[in-house]
Amino acid sequence: MLLMEGWITLIVVLGGVILRPTSTQNAIPETVLNCCEGDILFLLDSSGSVSSYEHYHMIQFLSQLLQPFSLGPDQVRVALLQVGTEPHLEFGFEAHSTHRSLQGALSRIAPLQGDTNTEAALRLAREQVLVPGGVGGARAGIPRVLVWLTDGVQPGAVEGPMIQLKQEGVAILAVSTGYGDYQVLREVVTQPDNAHLYFVDIDHVSIITKDLRGAIIELIRAERLQVRDVTSSSAVLQWRPVLSGGTGYYNIPPGDSTWAELTGLREDTWYRATLEPQSNVDFLKPLSVNFTTLPEVLSPTTVTVTESNTSSLKVSWGPLQPNSVLRYEVEYGALPRGEVRVVTAGPDQSSAILTQLQPNTEYLVTVSALHSTGRQRAMSVRVCTQEELPALQDLELTTVGSDSVQDSPWRGTVLHCTELLRSRNLGPRVIQFCLSTQEPDYSDAVIE
């Protein structure tokens, strides 16, 4: 693994016997698209209105269109359904996982002739071929695409079945090589129609190859390399299997994994990570993803006082960063010019108790963290100790009647009230009395 600021490359090695490239896919390595995952059904008009010449050129067009895609059970799969008096499924999604096999099947397809029974073909497509999770059908949770290739001559009532397919999540594209009904075709394709509907003469159909392929790619593009769990110094790369067939391994610990943790990254830095599958069997296009590490968050970011009385405070802070913090220092002093005292805490401590404080006094408390990198971060909070209340002295309760008592006088204005939950002589009653600091006044304590 090569790791550097701004650029990360992961090398993936395929083990096994060295083989020479043999398939069509290997013959054009510069165009292999390892980007996509989807099931594509081609609905090919093969009725009597389509000449053998037109049919041949359409097959050649499909051959060229599909060549760059990576085929396989975890990539792109292709099926072809011909339209005639009775529709015929030439091959399903599970039939071909290599381009040699697919190209051979395309070269053997013969036109059906007969009527243009597109409705029956769409019914077969909806009830069998494009059913997700069914036997021989499309894969569940994977994009499904139907590409309709027609000469536009009397296609029948296709609007209803096409709309049903779209409602079930199938993307529809159309290529018309004749004088098809523009309004019907525009209605049945997936929007936007300017990207999914093509009118072209059969002799020049190859000119739309790149655009149609690009439209399909946008519908089935798979985010095969993703980045997650990004922090200021690390990130996790996760990818879908790139090396197929069960013959390879990933030269990144752990060996069978489809993920890798990148560590030692710099904070707030842009990176480009590239996964380069190395295979002696196939050419596999590198996968890349960009990400930016987060700015480093230094502790403490929060300082709070969780407990307070007249002579002590409990101050807490967070988050704990024991791997990067050497120690914490808590400085506190009375405002405005009180003596400053210091308490030291370890890297795994998140609180400290400050003692020997003065009552009813405002203090400035500052928590500082010394990090192993030499950086420091401090955060302050103001807090006031509680007021010290005068002690009750010479307070006597005397019985006045069967349901009340009277206390002796005391001096002062009311500071607070207290409830006694039980009296030994009077039984389980609630007696409320008030403390005052001003004279002269008499207050009654009444049993409720």
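Predicted model: local features only at pLDDT ≥ 70, side-chain atom pairs only at ≥ 80, totals over all residues.
**Two residues, by the definitions**

Residues are numbered from 1 along each chain as its sequence is written, and side-chain values use heavy atoms, with hydrogens and water left out.

Reader: Why is Ser 63 called buried?
Author: Buried means under 20% relative accessible area (exposed is over 50%, partly exposed in between; 1.4 Å probe, protein chains only). Ser 63 has 12%, so it counts as buried. You'll find Ser 63 in helix α2, residues 52–66.

Reader: What makes the pair Ser 63 and Gln 103 a polar contact?
Author: A polar contact takes a pair of N or O atoms within 3.5 Å; within protein, one must be able to donate a hydrogen and the other to accept it, and residues adjacent in sequence count only if both atoms are side-chain atoms. The side chains of Ser 63 and Gln 103 are joined at 2.3 Å, so the pair meets the distance limit of 3.5 Å.

Reader: And how do you know that Leu 197 is buried?
Author: Its relative accessibility is 9%, and the limit is under 20%, so buried it is. Leu 197 belongs to strand β8, residues 197–199.

Reader: What does Leu 197 touch, beyond four places in sequence?
Author: Taking contact as heavy atoms within 4.5 Å, Leu 197 meets Ala 174, Tyr 182, Leu 185, Arg 186 and Val 189.

Notes:
Helix = DSSP H or I, 4+ residues; strand = E, 2+ residues; numbered from the N terminus.
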